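Here is a look at a protein model, written for someone just starting out with structures. Keep the picture open as you read and try to find each part for yourself.

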Amino acid sequence: MSRLKKTSPTAAGPTETPSRHDYASTHRDEMIDAINQVFGIFKINYQNLYYAAFRDQELEIQAKRLWLESLKHFDPNTILAATKAIVLESEYLPTLSRMLEQCERSGGEILPEPRAAYVEACQAPSPKATHPWSHPAVYYAGLASDWFFLSSTPETSALPVFKKHYRDVCERVRNGEQLEMPKLKELPKPDQVQLSKEENQARLAKLRKDLNL
C-alpha cells in the first residue's frame, strides 16, 4: 500500500522547547499515520470495493491527500475510532462526507449529527435563544446560517449551508471552546416600572377616555 510522504526525522541534538512549527509537524506526521491506517483498514474490510474505487496507486494517493486535508482538524484517535465504527456498521466503503459525520459523533463531547441538528434548528420556535437546545452548537450554527434562510429555503439548498456552519462550530467545541447561550435582558415587571408624574397623568387620562369617564 502506498504511503503519504512524511517529513524526515529530526537529527539528535540538545533538548529545546518545542516551537509551534514542531507541534504542527508532529501533528501532521500523526495525521499521515492515521490516514494510512484508515486506508489500510478499508482495504482489508472492503477489498473488492476498495480496489474498484482506487484502480491505481495515483487515485489512492490523491484520495489520501484529500482525506488528510479534510480531516486535519480532528484528533488522530478520533479518526481511527470513527473508522472502526464505520467498519462495524456498514458493508460499503464510506464517502468522505460519511467519515466527517462519524468523526463528529466520535469526537468526545456528544453533539447531534448534522441533519438532526438542522431539523432542530428549522423547527425551533422564536425567540431562538430561549429554546432548550440539545447543544448550543446547534443554535450558533443556525444563527450563522440565518434563521430566515433556514425557514424559507428547501432542504436541498439549506442543509449544505447549515452543515458547513455546524462543522465549524463543532470544531471550536472539539478544540475546547465552551459555548454559552446569550443572556437575554429581563424586562422589568409592570409594578417595577417607575413612571414620571406626567406619564402617570397621561396614563390616567387615557384610562378615563377608554372607560368613557
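Before anything else, one term: a helix crossing is called left-handed if the near helix is turned anticlockwise from the far one by less than a right angle, and right-handed if it is turned clockwise. Keep that in mind, and also that this is a predicted model.

**The overall layout**

Let's start with the big picture. Of its 213 residues, 34% count as buried. If you take the contacts with a separation of 6 or more, 69% of them are between residues 24 or more positions apart.

**Two helix pairs**

Two packed helices are described by the angle between their axes and the distance between the axes.

| Pair | Axes come within | Crossing angle | Handedness |
|---|---|---|---|
| Helix 4 and helix 5 | 8 Å | roughly 115° | right-handed |
| Helix 5 and helix 9 | 11 Å | roughly 40° | left-handed |

Take helix 4 (residues 76-89) and helix 5 (residues 96-105), whose axes cross at roughly 115°. That makes helix 4 roughly perpendicular to helix 5. On the helix 4 side, the contact uses Thr78, Ile79, Ala82, Thr83, Ala85, Ile86 and Glu89, and on the helix 5 side Arg98, Met99, Gln102, Cys103 and Arg105. Sorted by class, the residues of this contact are six nonpolar, three polar and three charged.

Now for the other pair. The axes of helix 5 and helix 9 cross at roughly 40°, and the two helices are therefore oblique to each other. Ser97, Leu100, Glu101 and Glu104 in helix 5 meet Lys163, Arg167 and Arg174 in helix 9. This contact has one nonpolar, one polar and five charged residues.

Between helix 4 and helix 5 there is a loop, and tyrosine 92 sits in it. Is tyrosine 92 buried or exposed? With a relative accessibility of 58%, tyrosine 92 counts as exposed, because the cut-off for exposed is over 50%. Setting aside neighbours within four places in sequence, tyrosine 92 touches Tyr46 and Leu49. Leucine 49 is 43 residues away from tyrosine 92 in sequence, yet their C-alpha atoms are 7.5 Å apart in space.

**Aromatic rings**

Next, the rings. A pair of aromatic rings is described by the distance of the centres and the angle of the planes. How many aromatic pairs does a search of the whole structure find? There are 14. In one of them, tyrosine 50 and phenylalanine 54 have ring centres 4.9 Å apart and planes at 65°, so the pair is edge-to-face. The cut-off behind that name is an angle over 60 degrees. Tyrosine 50 counts as buried at 1% relative accessibility, and phenylalanine 54 counts as buried at 17%.

Another pair joins tyrosine 139 and tryptophan 147: the centres are 5.8 Å apart, the planes are at 40°, and the pair is tilted. Tyrosine 139 is buried at 8% relative accessibility, and tryptophan 147 is buried too, at 19%.

Some of the rings gather in a group. Phe39, Phe42, Tyr46, Tyr50, Tyr51, Phe54 and Trp67 form one aromatic cluster.

**Around helix 7**

Tyrosine 139 brings us to helix 7 (residues 136-145), where Ala137, Val138, Tyr139, Ala141, Gly142 and Ser145 are buried. What covers these buried residues? The cover includes helix 6 (114-123), helix 8 (147-152) and helix 9 (155-174).

**Two spots in the backbone**

Most residues other than glycine have a negative phi, and most peptide bonds are trans. With that in mind, look just after helix 7: aspartate 146 takes a positive phi of about 90° there, although aspartate 146 is not a glycine. Aspartate 146 lies in the loop between helix 7 and helix 8, and at 39% relative accessibility it counts as partly exposed.

The other spot is a cis peptide bond joining serine 126 and proline 127, with omega about -5°. You can find proline 127 in the loop between helix 6 and helix 7.

How values were computed. Residues are numbered from 1 along each chain as its sequence is written. This is a predicted model: local features need pLDDT of at least 70, side-chain atom pairs count only at pLDDT 80 or more; totals for chains, interfaces and linings use all residues. Side-chain values use heavy atoms; hydrogens and water are left out. Rings of Phe, Tyr and Trp (its six-membered ring) pair if their centres lie within 6.5 Å; planes under 30 degrees apart count as stacked, over 60 as edge-to-face and the rest as tilted. Buried means under 20% relative accessible area, exposed over 50%, partly exposed in between (1.4 Å probe, protein chains only). Axes are lines fitted to C-alpha atoms, for helices over the stretch in contact, and angles run from 0 to 180 degrees between N-to-C directions. Helices (H or I, at least four residues) and strands (E, at least two) are DSSP runs, numbered from the N terminus. Angles under 35 degrees count as roughly parallel, over 145 as roughly antiparallel, 65 to 115 as roughly perpendicular and the rest as oblique. Contact means heavy atoms within 4.5 Å. Ala, Val, Leu, Ile, Met, Phe, Trp, Tyr, Cys and Pro count as nonpolar, Asp, Glu, Lys and Arg as charged, and the others, Gly among them, as polar.
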